[in-house]
Amino acid sequence: MAEVLVYVDHVDGAVRKPTLELLTLARRIGEPVAVALGAGAADTAAVLAEHGAVKVLTDDAAEYADYLVVPKVDALQAAYEAVSPAAVLVPSSAEAKEVAARLALRIGSGIITDAVDLEAGAEGPVVTQSVFAASYTTKSRVSQGTPVVTVKPNSAAVEAAPAAGAVEALSVTFSAQATGTKVTGRTPRESTGRPELTEAAIVVSGGRGVNGADNFAIIEALADSLGAAVGASRAAVDAGWYPHTNQVGQTGKSVSPQLYIANGISGAIQHRAGMQTSKTIVAVNKDAEAPIFDLVDYGVVGDLFDVVPQLTEEIKARKG
């Protein structure tokens, strides 16, 4: 069976959930070979093997942290040349998509970004995308070279599938461009204790109807009762009620959780583009004619200041 390269997203050896989802998809079309780079790369092997990686190629060179994306492109190209894979799968983060695009250019291959599904086809992997503000679903395949595909978080279930996970050192020769842009400093992102927005299984969002930064406390309380991430509409972000890093929509982040709860959000196309692929959508809005109700699986016509606190208390009561 052909091998499939999977680019590993990890933090000091802790593998992030989207990578485990990639391993699930990779097993549909071949045998996953993981590529882990940077500090803690070798520590990823056990988890990757547990989820189906037959091999784990590692390199912990300092260049991956000291410089921007080019060293990672060099490494992924080295892995590609060593393995000759049937496809290369990469998480759809901002940095990883840049790595994927640069790799595709170097190896003369087509690239498909923001996939939501992947399956084997007679002429190569068939990729599903949600396009035009999630109004259409397309299926396509790369017709030239080895497919390079970036996949959105929550596109597949994480499935245990124990494999050998043999660790092999990846030999990388860095290009002249690798040291062109040096990282001079880092500021750790302040932790809220909540899941990463784009990776969360549940997202609770607030919009214009929240009517103020202080009122986002009730959105956060509901999110915390569910173990969810907090999102916000563009209107709420533009008003300064919540950070831009939490914006969901066409000019913010795209999410695809199992459950999306929209509170006081009208449902403008800009917002729908970022959350329409959610598996189950619930909306709370006092305007029965709000466009969001055309999209939802469950809708509550009511004042969010009455509905959301009651919902939070009910969830807490059921959890005991």
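Predicted model: local features only at pLDDT ≥ 70, side-chain atom pairs only at ≥ 80, totals over all residues.

Trainee: Which residues does the UniProt domain annotation cover?

Mentor: The unreviewed UniProt entry carries the annotation "Electron transfer flavoprotein alpha/beta-subunit N-terminal". According to the record, the domain covers residues 4–183.

Trainee: Which strands stand at the edges of the open sheet of 5 strands?

Mentor: Follow the order β13-β12-β14-β15-β16, in which the pairing is parallel. Two of these strands have a single partner each, so one side of each is left without a neighbour in the sheet. The edge strands are β13 (229–232) and β16 (298–301).

Trainee: What is the bridge partner of Val 203 in β13?

Mentor: Strand β12 (residues 202–206) runs parallel to β13, and 4 bridges join them. Within β13, the partner of Val 203 is Ala 229.

Trainee: Which helix packs on the sheet, touching β12, β13 and β14?

Mentor: Neighbouring strands of this sheet are turned by 15° against each other on average, direction ignored. The helix in question has a direction that makes about 170° with that of β12.

Trainee: Are α6 and α9 roughly parallel or roughly antiparallel?

Mentor: The axes of α6 (residues 216–226) and α9 (residues 304–319) come within 9 Å and cross at roughly 25°. Angles under 35 degrees count as roughly parallel. That crossing angle therefore makes α6 and α9 roughly parallel.

Trainee: How many nonpolar residues does the contact of α6 with α9 have?

Mentor: From α6 come Ile 218, Ala 221, Leu 222, Ser 225 and Leu 226, and they meet α9 residues including Phe 305, Val 308 and Ile 315. By class, 2 residues of this contact are polar and 2 are charged, while the nonpolar ones number 9.

Trainee: Is the crossing of α4 and α5 left-handed or right-handed?

Mentor: Helix α4 (residues 70–83) and helix α5 (residues 94–107) pack with their axes 9 Å apart, at an angle of about 50°. The two are therefore oblique to each other. Their crossing is right-handed.

Trainee: And how many charged residues does the contact of α4 with α5 have?

Mentor: Among the contacting residues are Lys 72 and Asp 74 of α4, and Glu 95, Arg 102 and Arg 106 of α5. The contact also has 7 nonpolar residues and 1 polar residue; the charged residues number 5.

Note on methods: Residues numbered from 1 in each chain as written. Heavy atoms only, no water. UniProt positions renumbered as here; feature names shortened; annotations may be inferred. Axes fitted to C-alpha atoms, helices over the stretch in contact; angles between N-to-C directions. Parallel < 35°, antiparallel > 145°, perpendicular 65-115°, else oblique. Contact = heavy atoms within 4.5 Å. Nonpolar A, V, L, I, M, F, W, Y, C, P; charged D, E, K, R; others polar. Left-handed = near helix turned anticlockwise from the far one by under 90°. Pairing = 2+ DSSP bridges.
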